[in-house]
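Subject: Structure handover

Hello,

The structure is below, and my notes on it follow. Please read them alongside the coordinates.

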Amino acid sequence: MTSSQRFTPALAAIAVALPMLAVLIAIVQGASGGDTELWAHLREWVLARVAWNTVILVIGVVTIASLLGTALAWLTAACEFPGRAFFSWALLLPMAVPAYVLAFVAVATLDYAGAVPVALRGWFGDGLWLPPIRSTAGVILVLALAGYPYVYLMARGAFLTHGARALEAAQSLGLGPWQGLFRVAVPLARPWLAGGAALVAMETLADFGAVSVFNYDTFTTAIYQSWYGLFSIETALGLALLLLALVAAALAIERLARGRARYAASDAGVRSAARLGLRGARGWIAFGLAASVFALGFALPAVVLAQWAWQVAALDLDTRYLSYAFRTVSLAGLAAILCLALALVLGYATRFSAGRVTQAAARVATLGYAVPGAVLAVGVVTALATIDALWRTIAGGEGFWLQGTVFALLLGYVARFLTVAHGPVQGGFARIRPALEEAARGLGLSTREVVARLHLPLLGAGIGTALLLVFVDVMKEMPITLMTRPFGWDTLAVRVFEMTAEGEWERAALPSLAIVLAGLLPVILLTWRMERAARAA
Amino acid sequence: MRLELREVCKSYAGIAAVDRLSLIVPAGRIGCLLGPSGSGKTTALRAIAGFERPDAGEILAGGEALSAPGAWVPPERRRIGMVFQDYALFPHLDALANVAFGLRDAERGIRRRRALEMLELVGLADQTAKLPHELSGGQQQRVALARALAPRPRLVLLDEPFSNLDAEVRMDLAQQVRAALVAEGATALLVTHDQREAFAIADEIGVMRAGRLEQWDAPWRLYHSPATRFVADFVGEGSFIQGTVLGPGRVSTELGIIEGQLTIDQPAGTLVDLLLRPDDLIHDDASELHAEVVERVFRGAQFQYKLRLPSGTTALSFAPSHHDHAIGERIGIRLDAQHLVGFPRD
């Protein structure tokens with residue numbers, strides 16, 4: 001192999017990592033050159049409260065989401081109770097509802113003047129005390145309902161491959177089913193539980209929309225406010241850097257929780273073990289838990305949204321909506337294609353070169369899931385401002401070239417969601433074993449034919465999944481869109497933010513419903529694949 | 001401890017997976033259920049372990065009813081060790097902790113000593129700290145056996161224990177497993193579809209078909225006096241030649257009149273199929289009977305020939321490997337059987 005051949009994949013990988021690199025460098029550099037007076041003010045008035053709020057929120061959400069996710073996964077994977085077959089996929093549906101949608105539906109219906117408390121006071125009298133929804137507990141519950149599916153999905157996979165089987169082994173060694181759950185099933189699922197919990201922590205740290213609805217100040221809202229309220233990019237950058245440190249801490253804890261174990265998947269073709277029958281009251285308790293989580297996380301919000309959307313549709317559904325939808329779809333489509341293209345480049349780069357530079361670049365390029373959107377937004381704007389300034393000194397003239405353009409938006413999306421496309425594409429590449437390539441070459445296929453007749457068909461499913469996932473994620477995305485969009489470029493998610501900021505809940509329902517419907521697509525795809533895998537086993 | 005099954009039945013959706021299964025494994029012996037997939041052998045094993053509830057019949061261990069009308073002992077209280085097909089080792093525990101897992105009531109030092117003793121018994125004393133995914137398939141299998149044996153169970157069940165292993169290690173491991181079971185004085189029941197595994201491990205073997213036990217016997221007897229045509233076909237290699245009963249113990253065949261070598265209780269004139277094992281048909285250049293070589297497989301010490309008899313029936317025969325004959329050649333053969341089995345033609 002010549003040196004240029006080795007060199008090219010590394011360069012390609014670095015090029016793909018550039019957006020993320022630029023953003024990170026901009027944040028670190030910008031934050032270090034901050035205004036000391038402003039920082040003193042921040043430390044005194046803002047920082048402690050924001051940091052405390054964020055940490056409490058993450059601990060609360062991760063705890064509740066982990067408990068809910070693990071319990072529900074255990075019930076649907078290893079037990080038998082009324083409605084189990086339905087709930088085993090239906091409990092994933094809350095994934096389609098963004099946390100901010102769940103948040104405003106909860107606040108709108110459960111706040112003092114909301115429909116539910118009004119009805120309850122009507123029945124039980126005005127003196128009735130109800131726990132306030134606009135509280136720390138309220139935000140935690142809403143984010144936990146939005147986040148538990150991550151833990152559910154991971155834990156369920158672990159329980160299905162190992163759980164019921166390990167439980168039989170434990171039984172043959174003298175442990176009852178409930179002892180087996182705590183001594184065997186949960187400990188052995190630990191890496192998956194830790195992985196699911198880490199995803200929930202990332203989502204919670206990154207959440208901007210839901211905490212905004214609750215007026216609950218965290219790092220993300222503080223970044224937004226110091227930007228739009230104080231017009232202080234330095235403060236925003238400083239907060240962004242602190243939030244990144246918190247993310248790193250959460251990831252380090254996940255590493256610890258995972259332990260040294262890295263469990264290989266169980267052998268394929270394992271006969272699934274008999275389910276544990278929950279009879280009588282126990283079965284109905286399991287049903288009650290699954291049904292209430294499903295109702296609160298999906299069914300009731302969906303019904304409320306549909307009702308409100310119907311009420312305002314006649315008034316609101318005009319040509320403006322077509323432009324929101326058109327902008328959203330074109331942005332999401334563009335971002336999906338870009339992310340896919342870069343993921344393919346990265347996939348080929350890491351396939352042809354296992355060098356350290358390539359691997360490191362791949363790591364950086366796919367950091368997006370850990371970097372909150374609000375952080376990325378300030379990074380993107382800072383990086384582009386630097387480039388604009390550079391351009392002005394070189395070429396002269398005034399104004400912005402890149403800042404406040406669609407390019408800025410796409411840069412942010414790529415940095416955040418490249419990792420989403422990378423997963424399925426990489427999974428596709430993993431299926432193209434070297435022996436297949438060798439076999440194709442042995443049959444006389446040229447490089448181009450290998451790509452066309454071997455790679456593309458095998459990557460096909462991964463490419464489709466990558467496009468769909470990025471598309472839906474961009475549709476839901478709020479902070480990057482809000483903070484870097486060109487003037488007047490409102491998308492559906494921005495519309496939701498603006499309507500909820502004004503408390504116009506009903507008018508936020510229409511764009512929310514569109515987002516939820518689009519969000520259902522990947523969930524349906526996921527459950528369809530799960531069913532197929534279950535049938536194959 | 002003695003295991004006894006009495007008329008055990010289990011069906012799924014109206015289809016009988018296990019149909020009136022009765023058997024006895026005496027204490028300290030190793031039994032085996034052999035049969036093709038879908039013959040109900042695994043269901044029987046899981047019923048004994050307590051993972052499936054029989055629809056009818058009784059399962060007794062050492063005289064205690066584990067499962068009977070009105071009696072049910074849950075699996076965790078049966079004291080029956082199980083080696084699973086996929087081993088089902090706990091992936092979060094190392095080898096030693098896996099083996100010690102079932103020794104919950106014992107004192108710490110005793111648990112450790114017993115677990116070490118068991119790992120030593122299966123030849124893995126130097127692998128105690130390995131996690132399951134760090135062990136080879138054969139090693140995982142032996143850890144699973146050590147784990148099942150550690151609590152001194154009344155009975156050890158092995159579900160297709162070698163099916164995930166390479167052919168080369170299988171026979172070796174089967175011998176080791178047998179040695180370990182014998183060393184522990186364990187009563188055991190194995191389930192497999194591979195007769196060589198069954199022969200290597202078991203004292204007694206039951207052949208199952210469609211949920212029923214066709215024959216329960218010592219390996220030698222299964223091979224040489226199969227009770228049914230299915231057993232004859234399933235166990236070992238062989239072929240059938242036609243014959244006509246002439247009288248008590250006398251059958252006429254194309255290989256001559258066979259006398260006194262078979263137990264068949266049919267009236268004269270009945271058409272029968274006689275089972276010929278490859279070692280019943282001897283290559284003999286001096287013989288007047290000839291057959292044509294149709295296929296030959298060199299097996300080192302022997303040739304295995306497939307021969308076409310005058311009637312067109314084919315039969316297998318072993319010959320010492322210096323008897324090298326080409327395909328199409330006609331060679332002399334003679335019958336050399338101590339005992340032949342015949343089944344009436346349908």
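Where is Ala13(B) found? Ala13(B) sits in the loop between strand E1 (3-12) and strand E2 (15-25) of chain B; helices (H or I, at least four residues) and strands (E, at least two) are DSSP runs, numbered from the N terminus.

On conventions, this is a predicted model, in which local features need pLDDT of at least 70 and side-chain atom pairs count only at pLDDT 80 or more, while totals for chains, interfaces and linings use all residues. Residues are numbered from 1 along each chain as its sequence is written, and chains are lettered from A and ligands numbered from 1 in the order in which they are written.

Loops of chain B

Most residues other than glycine have a negative phi. Ala13(B) has a positive phi of about 50 degrees, although it is not a glycine. Ala13(B) counts as exposed because it has 5 C-beta neighbours inside 10 Å (buried is 20 or more other C-beta atoms within 10 Å, exposed 12 or fewer, partly exposed in between, with C-beta atoms placed from the backbone). Arg152(B), in the loop between H4 and E8 of chain B, also has a positive phi, near 45 degrees. Arg152(B) has 13 C-beta neighbours inside 10 Å and so counts as partly exposed.

Sheet of chain B

An open sheet of 6 strands runs in the order E7-E8-E9-E3-E10-E11 (chain B), with mixed pairing; strands pair if DSSP finds at least two bridges between them. Its edge strands, each pairing on one side only, are E7 (80-83) and E11 (212-217) of chain B. From one strand to the next the twist averages 20 degrees. E3 (residues 30-34) and E9 (residues 188-192) of chain B pair in the parallel sense over 5 bridges, and Ile30(B) has Ala188(B) as its bridge partner in E9(B).

Helices of chain A

H13 (residues 319-352) and H16 (residues 406-431) of chain A pack at about 50 degrees, with their axes 7 Å apart. Axes are lines fitted to C-alpha atoms, for helices over the stretch in contact, and angles run from 0 to 180 degrees between N-to-C directions.

Contact between the chains

The contact takes 22 residues from chain A and 21 residues from chain B, where contact means C-beta atoms, placed from the backbone, within 7 Å. On the side of chain A that touches chain B, H6(A) gives the largest share, 7 residues.

Regards

Terms used
Two residues are in contact if their C-beta atoms, placed from the backbone, lie within 7 Å.
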